[in-house]
Structure formats: C-alpha cells, structure tokens
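Here are my notes on this model, point by point. Please read them with the coordinates open.

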Amino acid sequence: ELDFGDIPFTEVGETELYLSNKGQVPASFNFNLSGVSRPFVVDVVPSNGVLKPEERLKVTVRFRAGIPDLVVETVLVEVAHFEATVLTVRGLGTFPGVVLDLPRKNEAEHKLQLDAAAKRLQMLPVVSSSASADERSE
C-alpha cells in the first residue's frame, strides 16, 4: 500500500519503490492501471519492462487526488507468470483554506452584535419547499 496522506487536491505526490529480480532468468513486469477510476490519478514510470537476473529497478509512482476527498485506487502489479499483486494507492485530497481568529477592537460590542444576529436568525419564518403554488401566490 502506498499512502500519500493529506495532499492538496491539485498537486502531484511522488514516491519511489523498487522491483528486484532475485531469480536467474529475466522477468517481465507490468503495472496494470485499468482499475484506476479516472485518468491521471495514478501514473507509474516505467509502467512495464523486463528485469534481468539480479537486477533492481527504481519505479516512480505519481498520485493526484483531483478532488478534495479521500481517493483510493487499485493498481495490479503483474510479474512474469505469477498471480498479480494488488497495490493500493490512497491519499486525501485537501482544499487549502485559511481560518483567522483575530482579536476584536471591542469584544463586548462584538458579542452584543453577534447575539442580536443570532436572535434575528431564530425569528425568521421557515419557508417550506412543499408549499403549494396557491399558498405562495397569496
């Protein structure tokens, strides 16, 4: 599993992993991205090739959430004639924001205005969307 954690939803996260062939014969590999929900969410370089005996290859995995939400994708790692291994890639696309809590010039006056606004909101009539057209026209 590759967990990219919190990442701004428009940015690309990148990590590296290594494939090793400890055998005595060449082994082909392929990162099958057909299970990825949207294009460009997960990118793998190189995505396929052949590992020579005793070779170790660096693979770069890039992830872009594309939406401000949890994104979980599945990539199948296919090596030679062996059963494919599931590689789960996840990350939480975040939307940058700023919350400020600045001191007020007059805290007491601000509290009075805040309380008055809350009371006005409680007194507003509730408009039902299920009201008939006749009731709204009167």
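1. Overall layout. From the N terminus on, the elements of the protein chain run β-β-β-β-β-β-β-β-α-α. That gives eight strands and two helices. Bear in mind that this is a predicted model. Of the 138 residues of the protein chain, 23% count as buried.

2. The open sheet. Five strands form an open sheet, and their order is β1-β8-β7-β3-β5. The pairing is mixed. At the edges sit β1 and β5 (48–51), and each of these pairs on one side only. Neighbouring strands of this sheet are turned by 20 degrees against each other on average, with direction ignored.

3. The parallel pair. Strand β8 covers residues 85–94, and five bridges join β1 to it. The two strands run parallel. Ile7 stands opposite Gly93 in β8. Pro8 has Thr94 in β8 as its bridge partner.

4. The antiparallel pair. Strand β7 (residues 70–79) and β8 run antiparallel, joined by eight bridges. Val72 faces Arg90 of β8 across this pairing, standing opposite it. The two strands form a hairpin, with five residues between them.

5. The hairpin turn. Ala80 is found in the loop between β7 and β8. Its phi is near 50 degrees, a positive value in a residue other than glycine. Most residues other than glycine have a negative phi, which is the reason to look at this one. Ala80 counts as partly exposed because its relative accessibility is 37%, between the 20% and 50% limits.

6. Glu54 has a positive phi of about 65 degrees, although it is not a glycine. Glu54 lies in the loop between β5 and β6. At 55% relative accessibility, over the 50% limit, Glu54 counts as exposed.

7. A cis peptide. The bond joining Val45 and Pro46 is cis, with omega at about -10 degrees. Most peptide bonds are trans. Pro46 lies in the loop between β4 (42–45) and β5.

8. The structure holds three aromatic pairs. One of them joins Phe4 and Phe63: the ring centres are 5.2 Å apart and the planes are at 20 degrees, so the pair is stacked. This pair links distant parts of the chain, with Phe4 in strand β1 (residues 2–8) and Phe63 in strand β6 (residues 56–63), 59 residues apart. How buried are the two partners, Phe4 and Phe63? Phe4 has 15% relative accessibility and so counts as buried. Phe63 is buried too, with a relative accessible area of 0%.

9. An edge-to-face pair. Phe29 and Phe31 also form an aromatic pair. Here the centres are 6.2 Å apart, with 75 degrees between the planes, and the pair is edge-to-face. Phe29 counts as buried at 5% relative accessibility. Phe31 counts as buried at 4%.

10. A charge over a ring. Which ring does the charged end of Arg56 sit over? The ring is that of Tyr18, and the charged end is 4.0 Å from its centre.

11. A buried asparagine. Asn32 lies in strand β3 (residues 27–32). Asn32 has a relative accessible area of 19%; the limit for buried is under 20%, so the residue counts as buried. The side chains of Asn32 and Ser34 are joined by a polar contact of 2.7 Å. Asn32 and Thr74 are 42 residues apart in sequence, yet 9.1 Å apart in space, C-alpha to C-alpha.

12. Helix α1. This helix has 17 residues (residues 107–123). At 1.5 Å a residue, α1 should span 24 Å; its end C-alpha atoms are 25 Å apart, so the two values agree. At the start of α1, a side-chain oxygen of Asn106 reaches to within 3.3 Å of the backbone nitrogen of Ala108.

Definitions and conventions:
Residues are numbered from 1 along each chain as its sequence is written. This is a predicted model: local features need pLDDT of at least 70, side-chain atom pairs count only at pLDDT 80 or more; totals for chains, interfaces and linings use all residues. Side-chain values use heavy atoms; hydrogens and water are left out. Rings of Phe, Tyr and Trp (its six-membered ring) pair if their centres lie within 6.5 Å; planes under 30 degrees apart count as stacked, over 60 as edge-to-face and the rest as tilted. Helices (H or I, at least four residues) and strands (E, at least two) are DSSP runs, numbered from the N terminus. Buried means under 20% relative accessible area, exposed over 50%, partly exposed in between (1.4 Å probe, protein chains only). A charge sits over a ring if NZ of Lys or CZ of Arg is within 6 Å of the ring centre and within 35 degrees of the ring normal. Two strands pair if DSSP finds at least two bridges between them. Axes are lines fitted to C-alpha atoms, for helices over the stretch in contact, and angles run from 0 to 180 degrees between N-to-C directions. The expected span of a helix is 1.5 Å times one less than its number of residues. A polar contact is a pair of N or O atoms within 3.5 Å; within protein, one must be able to donate a hydrogen and the other to accept it, and residues adjacent in sequence count only if both atoms are side-chain atoms.
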